[in-house]
Amino acid sequence: MKLYNEPSPLETRVISKRFGTQNSWRVDTYLATGGMQAFKKACEMTQDQIIDEVKASSLRGRGGAGFPTGMKWSFVPRQSELPKYIVVNADESEPGTCKDRLLMEHDPIQMVEGILIAAKAVGASKGWVYIRGEYRYLIDHMDAVMKECYERNLLGKNILGTGFDFDLYTQTGAGAYECGEESALLESLEGKRGVPRIRPPFPAVSGAFQCPTVLNNVETFSTVPAILNGGGKWYAELGTPRNGGTRLVCLAGHVNKPGVYEVPLGMNMMYFLNEIGGGMLGGRKLKAIIPGGSSCPILSAEECDIAMDYDTMAKAGTMLGSGGMMVMDETTDMVKVALRIMRFYNHESCGWCIPCREGTTWLRKMLVRIIDGNGASRDVDLIGDLAQSMLGRTFCPLGDAAALPTISLVKKWRPEFEAYVAKNPFASTELVQVA
Amino acid sequence: MSNLVKLTINDTPVEAPAGSLLIDAAKTAGIEIPAFCYYEGMSLQAACRMCLVEIEKAPKLMAACVVPVAEGMVVRTESEAVVKARKTTLEFLLTNHPLDCPVCDKGGECELQDMVFKYGAGESRFTEVKHHVPEKQWSPVVFYDGPRCILCYRCVRVCNEGMGVGALGVVNRGVVSEIAPSHGDHLECDECGSCIDICPVGALTSGAYRYKTRPWEMEHTGTICTHCSDGCKTTLGTRNGEIVRGNNRDRSGVNGEFLCVKGRYAFDFNHHPERLQAPLLRVDGKLEEVSWSRALQVLVEKFKAVRDAKGNVGVIGSTRTSNEEAFLLQKFARTVFGTNNIDHHRSGDVATLLDALSGKTGALGTSADCYTSKAVLIIGADLSQQHPFLANQIRANVRHHKTPVYVVTPGAVREDKTAKKAVRAGEDWLAAVENLKGSLAGEKELLVVFGDAVKGEGLRKLVALGDSLGIPVKYIALVDYANSRGAMDMGLLPDLGPGYHAVEGKAGLTLPQMLAATDLDLVWVVGANPLKKASLASSKAFVVVQDLFRTETAERADLVLPAASAYEKNGTVTNTCGEVQRLKKAADTVGAKTDLAIIGLIARGLGVNLGKVDADNVFAEIQKTVRGYNVPLPVIVTGGAAQTQPVNGRVPSNVLPDLIRSAGDTLFTTGTLTKYSKVLNEVMEGPGGLYR
């Protein structure tokens, strides 16, 4: 497996340390490089000790929402007649995000070990890796990896003689962004239409097949072995308080060295962009950054001198999201960015609830019309108003994901929208009111 | 009583049971929280976002349909944010809605119209092109107009959860999502039309009704369906005297809003072109139309001659005529002709059940018990085919209360899917039930619903087994048609008079005996078709038939009188659970008379005093004289159902179990009437087991 970008010496490589090494995905390589030690350690620990260690690491979910992982695990009822399950969200579909595929390509057994530790922590004996359908090649790869894991007793009965049993399966998505949302993923996993569920109950209580389920992102599980090996405290101190550890950032757009880099939380975004990302492409001026996947409100160049951790980003009105950072230079047409984003969300809206289904369609049609030179002067306000009308009113966060960047675009680059509208000579023609 | 929670809605203190949903709590307090997708009794969706309300301390607006009430909760349903949210949700909904209200069947009774009227904006800001797809026909009775659909998923849920059929689903995603049949382009289902009724907009329309009228042009009459014996209330919409629609949206009657294909569409026999509109008299071997006065003259002369000559008379009554008509018919036969040769097609052994339960109270199940009983045992009946409403009640019971259902039937039935135990047994049903005894005794109570296989001695053994369980047991004896039960109660039996009293004198001939007898002088058939598969041995008999159509029996008649249908008369009928309900006249057929009027006219011609012959008067007499029928009149008059009381005392019945045989109708057949219902014949894609 080749790496897509040169690693940077400025990275802190915790979960990506095996990336690019020969046969990094084979059991032998994994065991030879300290693999499965964390699992063996976990087998010596009580369930509470494991969860406490993860809590101490202040690891937060790497899928986008950033929910504290240890807390999530602790919500799984200890006493339950129902079986408990582990589900891995490998439906990596947030535009700009491409880290989970690397983790599965280069170091899949690290994730398997993380799953085993989570299973140990909550008492699960079965799990699924839900992989997006577009990652066809990865499914074959994961199946081969798991086959080897079974052959080498890293999965199955009495794993490595610890007396612990665990079965892991892969499950293919069918190409819906919505199925990256945890409850829609579970519906899809169960073979149903991928629409989100009403919560509560949360998956920790009633997840896959109505049983208690731990559902985390690939990166989250992949991080767990390092936490148990190095200790929660060590991991937490890699980052900033309440924002423990490192994470993979997928740098894309108008930069010299796009790629996936592992950096500690709290690194300055401009430092990251310039030192690791090699600065702006062609020496052009920075215009905007989408910090964590297309669902995030967009930062203008002035706002980008900021620490990349969950809390600082929240304060700046945006999110770290899934780590998909997209950099745009001064040549970028922000109205077209708005349309590109809205096209995506409109295409991916599952149709379950009205504001998202109808709102994204309306906004898409309106943006197309504006770009075609048929905008009306009231349209700019209307875009903002419609996006506001979706925000917080949809069934799942997809509506918010479509609304947030749109609202920020209209707010921060309003003159660009107005310029488009001004191309229409009839833009300010008022609709005639019939008395 | 569950604990009450105190909360505040719009500054009004409200108390609601813990665990209840905010939307329901508001409703009981008289505060409307609008919603499309929320539907009582169905699973929750939270999809339409119309019920968003402001809850103090919540970070955003919350969907009232999924939020349970909590102590001290402070809710605002009319705040600025809520009003704006509703307005934009409706604006969103209307973006792709075609606004073809002037030609939409739903116009006038459309929930979207009402919501926009009450909560919507005066004008829309939407100036883009609407998404459009052509209308589709899924079955003879179900059409789907995608653009009108607001995707509330009520139809999907009512079909899957309510009917247990699951013929509908959702395809595509986003704005092009639409409802689609599970079988691609067509429905394979019960054709019950519940999806059409439950649709808040005009997306699902009825093939039988569409483009016939505007809703406000109809008159509505709530009467009882004349098909199976479940006794569903169907509200018939008539326009210019023609019945154009059947539904029960006001949820009156025992059935709430449930109706099957027959209750909803099979009123169409009423306007069949072959309906008789003038009496037919056999002249020179051929039936010819004559006037009513001529017909009555012939009839009265004949009746007089037979009476005076003490001739042999056979009277065959109906399973669909009203209680009053059945009562008056047997009274006429017994008093005027002095005969007990009275019978009808029997389909359930009610007489033995009443006898076996003699002295017990509360042992007769009602249709409501099917929904509330803590356990149900079904013996020898395919409920979803033959008793769709009772099947629906039991399904709802399982869905809402997780009630255990035990099934003992000869073949696979739909109830198998949700049954705790399903056993295949035909004639040997009793042994199968005995095997279940251990499980049954562990239940808190039991409702036994049984078909025609359970009769005579077997039925007595069943009741004995029920007694031995040591838990309260109720029974429902299933019968075939709208008033099969009433026919027995009213004494259309050779050995039992009204109220299951022994007849005076010798018991008369049974139906097969009448058909086989060679010495009958007069055979009087009122609303029955015994000669459909049999012949009459008495070749000399003068045969009088009162019916809607020229049935096989009418073809053999010497005189045929055109009768009014159940939808054209007032009176009462009794369903299979013994619930008495009121028939109300919804339509008229020129030339037809009710069987009650016909019997009255004959009596008058003969100079016999049967009392004042009208439905109310005869019912008053039934109340006084028929055991169990002293039911509260106000309940019945106001459209309610009153269960007859059990017969307190032995029933001196010499039931001949061989005579009790269900006609075995399916969901799409209804005895002789099947032939005259266009809808039933159209939708009959595969009779019997296809839709299990």
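Two residues are in contact if their C-beta atoms, placed from the backbone, lie within 7 Å. Helices (H or I, at least four residues) and strands (E, at least two) are DSSP runs, numbered from the N terminus. This is a predicted model, in which local features need pLDDT of at least 70 and side-chain atom pairs count only at pLDDT 80 or more, while totals for chains, interfaces and linings use all residues. Residues are numbered from 1 along each chain as its sequence is written, and chains are lettered from A and ligands numbered from 1 in the order in which they are written.

**Chain B as a whole**

- Chain B has 22 helices and 28 strands.
- Its radius of gyration (taken over C-alpha atoms) is 27 Å, close to the 26 Å from the globule rule for 692 residues, so chain B is as compact as a globular protein of that length. The globule rule is 2.2 Å times the number of residues to the power 0.38.
- The C-alpha trace of chain B spans about 90 × 60 × 45 Å along its principal axes.
- Of the 692 residues in chain B, 55% are buried. A residue is buried if 20 or more other C-beta atoms lie within 10 Å of its own, exposed if 12 or fewer, and partly exposed in between; C-beta atoms are placed from the backbone.
- Among the contacts in chain B with a separation of 6 or more, 68% join residues 24 or more positions apart.

**Helix α4 of chain B**

- Helix α4 (residues 154-162) of chain B has nine residues, and seven of them are buried, so the helix is largely enclosed by the rest of the structure.
- The buried residues of α4(B) are B:R154, B:C155, B:V156, B:R157, B:V158, B:C159 and B:G162.
- Their cover includes the strands β8 (168-171), β9 (178-181) and β10 (204-206) and the helices α5 (194-198) and α12 (388-401) of chain B.
- Just after α4(B), B:G164 has a positive phi of about 70 degrees.

**Domains of chain B**

- Chain B is assigned domain 1 (4-93), domain 2 (97-271), domain 3 (280-344 + 508-670) and domain 4 (350-478). These bounds come from an automatic or database domain assignment.
- The C-alpha centres of domain 1 and domain 2 of chain B are 26 Å apart.
- Domain 1 of chain B gives 15 residues to the contact and domain 2 of chain B gives 18 residues.

**Contact between chains B and A**

- Chain B and chain A each bring 25 residues to the contact.
- On the side of chain B that touches chain A, helix α2 (residues 80-95) of chain B supplies the largest share, six residues.
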